[in-house]
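Have the structure open beside you as you read.

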Amino acid sequence: MTPEVKAVEDLNLDRYSKAEWHAIRRLALTLAYGMLSSGAETYRIEETAQRILEAYGAVQVDVFAIANFLSISFETPSGREYYAQKRVHTRADNLNHVARLNSYTRQICATTPDANQALLEVREILNERRAEGLLAQVLITGYVGFGFALMLGAGIKGAIFAFFVDMILRLIIFPLQKWQANRLFINMIGGFIVTLLAGTAPYFGLGDSRSIITAASFMYLFPGISLMNSIRDIISNDLVAGLSKLLETLLAALSIAIGSGLVLGLEHLLA
C-alpha cells in the first residue's frame, strides 16, 4: 500500500473535516471556560470538555483545569492532534450559568449538533446578564446579613441593622464589581465598610450585638463556594486545583480582616 493511499484511508476514519475539528475544539474550550469562569467545580469543568470531545469521536482526551488556567488536548480517530489553552482572568460565582451550561452539555452529547451553531448558543448563555436589577440585588444582599444575624443571636433589631449594613455595602462595592476590580481589593474595602457601619450600632442601643452584626454582614463577602469547591477538589485528588482555590479563599478572608483591622486600629488611636 502506497503512503498516499494509506493517508486517504486514515482521513476517512474521521467523520469531520479539519475545519470542523477546529470548531469542535473551540466549542469544548468555550464550554469549559464558561464553567470555570462561573465558579464550577474542577471535576465538572474537566468532564464537560471531555464528554463533548468524546461525543464527537475524539480519542486520547486530556483536560487540565486550575483556578485561572485551562488546557485541552485530544486526537482524532485518524491520529491528528489538537491542543488549546486559555487563561481565565476574571471569575464570578454564577450558578445559573453553571446549571445552563451543564444542561446544554448533555444536549450536545446526545445530539452532536453542528459545532459552530452550538458555539453560538454557548456564547449566548455566557453573555446573558443577571435577571435581577440592582435594587433586587441590594435587597438580596441585605437578606444575607439579616438571616445570619438572626441565626447568630443578634435579635430582630440586630438583624434589621445588619440588613441595612449589607444593603449599603452592596451599593458601595457595586461599581467595583462592575469594573471587575481585584476580588481581594473589593473584600478589603468591604471589610472596612462593614466594620465602620457596624461601629455605629451602640448609638442605636445595639452595642452588645456589634460583633455579631459585623460577622453576619461579612458573610456576603466570604467566598463560601470557593471554599467548598476547594475541599471537594482535594477530596477528589485534584490537589493543585484544590490547594490554589483554598489559598485564594484564605487570602480573601485575610483581605476582609485587613479592612476590618484598619477601622479597629483607627478607633483605638482615636479612643
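Let's begin with helix H10, where the face turned away from the buried side carries the exposed residues Met228 and Ile235. Exposed here means over 50% relative accessible area, buried means under 20%, and partly exposed lies in between (1.4 Å probe, protein chains only). Helices (H or I, at least four residues) and strands (E, at least two) are DSSP runs, numbered from the N terminus.

A word on the source: this is a predicted model, in which local features need pLDDT of at least 70 and side-chain atom pairs count only at pLDDT 80 or more, while totals for chains, interfaces and linings use all residues. Residues are numbered from 1 along each chain as its sequence is written, and side-chain values use heavy atoms, with hydrogens and water left out.

**Helix H10**

H10 covers residues 224-235, which makes 12 residues. From first C-alpha to last it reaches 17 Å, close to the 16 Å expected at 1.5 Å a residue; the expected span is 1.5 Å times one less than the number of residues. Ser226, Asn229, Ser230 and Asp233 are buried in H10. Seen down the axis, the buried residues of H10 fall within an arc of 105°, so they line one face of the helix. That arc is taken from the directions from the helix axis to the C-beta atoms.

Two strands pair if DSSP finds at least two bridges between them. Strand E1 (residues 59-66) and strand E2 (residues 69-75) pair in the antiparallel sense over six bridges. They form a hairpin with two residues between them, and Ile66 stands opposite Phe69 in E2.

E2 also pairs with strand E3 (residues 81-87), again antiparallel, over seven bridges. Here Phe74 has Tyr82 in E3 as its bridge partner. The hairpin of E2 and E3 has five residues between the strands, and in it Gly79 takes a positive phi near 100°.

**Charge pairs**

A salt bridge is a side-chain nitrogen of Lys or Arg within 4 Å of a carboxyl oxygen of Asp or Glu. By this rule the count comes to seven salt bridges, and the table shows some of them.

| Salt bridge | Closest N to O |
|---|---|
| Glu248 and Arg91 | 2.5 Å |

Which parts does the pair of Glu248 and Arg91 tie together? Glu248 lies in helix H11 and Arg91 in the loop between E3 and helix H4 (95-111), so the pair ties together parts that are 157 residues apart in sequence. Glu248 is partly exposed at 26% relative accessible area, and Arg91 is partly exposed at 27%. Salt bridges that share partners also join Glu41, Arg44 and Arg232 into one network. Glu41 counts as buried because its relative accessibility is 13%.

Arg51 and Glu47 both lie in helix H3 (residues 42-55), four residues apart, about one turn of the helix. Both are partly exposed, Arg51 with a relative accessible area of 49% and Glu47 with 33%.

**A nonpolar patch**

Leu184, Leu247, Leu251, Leu254, Ile258 and Leu262 make a nonpolar surface patch of about 500 Å². Helix H11 (residues 239-270) gives the largest share, five residues. Leu251 sits in H11 and is partly exposed at 37% relative accessibility. Patches are made of residues with over 30% relative accessible area and no salt bridge: like charges are joined within 9 Å, and nonpolar side chains (Val, Leu, Ile, Met, Phe, Trp, Tyr) within 5 Å. Accessible areas come from the Shrake-Rupley method with a 1.4 Å probe; for residues, only the protein chains shown count as cover.
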